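Hi everyone, thanks for making time for this.

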Amino acid sequence: LILLWESLVSSTRIASVAVLASLLASGVAHAQVTLSGWASCDDAFQASISTSPTTAGTPWFNSVATWQTPVFGSTVITEPGTYFLQVRTQDFGRPEMFLALFTLAGPDATFANGTQELRTNIIDWVVSTEGFGVNTTAPNLLGPNGTGPWGTFANMPGADYIWAPQYANGIAFFTASFTVVPAPGALLPLAGGLFAFSRRRAR
């Protein structure tokens, strides 16, 4: 009888953990992360966020003038998951370049490089001339911010001018990724309720 009771208690606790995991997977637990960025492109760009590496996501900011005027954008993400930062760039006459600095605000998100800062470089990005996530390769390094015909952009320190290895028709699709996890505060009431339920069942 004692063994049966202990087995029931253990099963109840395991079930409680399983319910918690299921709720997290279903998105019940939320996050609060702000993605911001400065970008410039010779000549135009549109940035979007997607949950798929190959499907264009929701646009959140784009160029509004020429490459001489960098653009700032910001958006809030409230659901945990893996996201793909996608930037479609367009050159209308060589030379071509893409320069950007993105940041994540909030303790619940990191880029694939393990930090909350993402600069244009040849390590943290992939690029394609066919579409997002299609036959991707590392970008070409055109030089650090401050070199070449474009000069220096003070709001993007440490970023590099990059482009696709092939010019193709002047269109390049850049992709990087980041992960958002559930906010710890969002889990406490849920976890506490399940723990209390487990204790009541164990008595």
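**A patch on the surface**

Okay, let's start on the outside. Ile122, Ile123 and Leu141 make up a nonpolar patch on the surface, and together they have about 320 Å² of accessible area. Before I go on, keep in mind that this is a predicted model.

Where is isoleucine 123 found? It's in the loop between strand 8, residues 117–119, and strand 9, residues 126–128. And why does isoleucine 123 count as exposed? Because its relative accessibility is 73%, and the cut-off for exposed is over 50%.

Now let's zoom out. The protein has two helices and twelve strands. If you read along the sequence, you meet a helix, then the strands, then a helix again: α-β-β-β-β-β-β-β-β-β-β-β-β-α. There are 203 residues, and 40% of them count as buried. Here's another number: take the contacts between residues at least 6 apart in sequence, and 71% of those join residues at least 24 apart. The protein exposes about 10,200 Å², with carbon and sulfur atoms supplying 61% of that.

Next, the strands. In a regular strand, side chains alternate between the two faces of the sheet. You can follow this in strand 4, residues 71–77: Val71, Gly73, Thr75 and Ile77 are on the covered face, while Phe72, Ser74 and Val76 are on the uncovered one. Strand 4 runs antiparallel to strand 1, residues 33–42, and seven bridges join the two.

On to strand 5, residues 81–90, where you'll find threonine 89. Is threonine 89 buried or exposed? Buried, because its relative accessibility is 0%. Leaving out residues up to four places away in sequence, threonine 89 touches several others, including Cys41, Phe98, Trp163 and Phe174.

Last stop: some backbone details in the loops. Proline 95 sits in the loop between strand 5 and strand 6, and the peptide bond leading from arginine 94 to proline 95 is cis, with omega near 10 degrees.

Asparagine 135, in the loop between strand 9 and strand 10, has a positive phi of about 50 degrees, although it isn't a glycine. Asparagine 135 is exposed, too, at 58% relative accessible area. Alanine 168 isn't a glycine either, yet has a positive phi of about 50 degrees; look for alanine 168 in the loop between strand 11 and strand 12.

Terms used. Residues numbered from 1 in each chain as written. Predicted model: local features only at pLDDT ≥ 70, side-chain atom pairs only at ≥ 80, totals over all residues. Heavy atoms only, no water. Patch = residues over 30% accessible without salt bridge, like charges linked within 9 Å, V, L, I, M, F, W, Y side chains within 5 Å. Areas by Shrake-Rupley, 256 points an atom, 1.4 Å probe, with all protein chains shown as cover. Salt bridge = Lys/Arg side-chain N within 4 Å of Asp/Glu carboxyl O. Helix = DSSP H or I, 4+ residues; strand = E, 2+ residues; numbered from the N terminus. Buried < 20%, exposed > 50% of the residue type's maximum accessible area, 1.4 Å probe, protein only. Contact = heavy atoms within 4.5 Å. Pairing = 2+ DSSP bridges.
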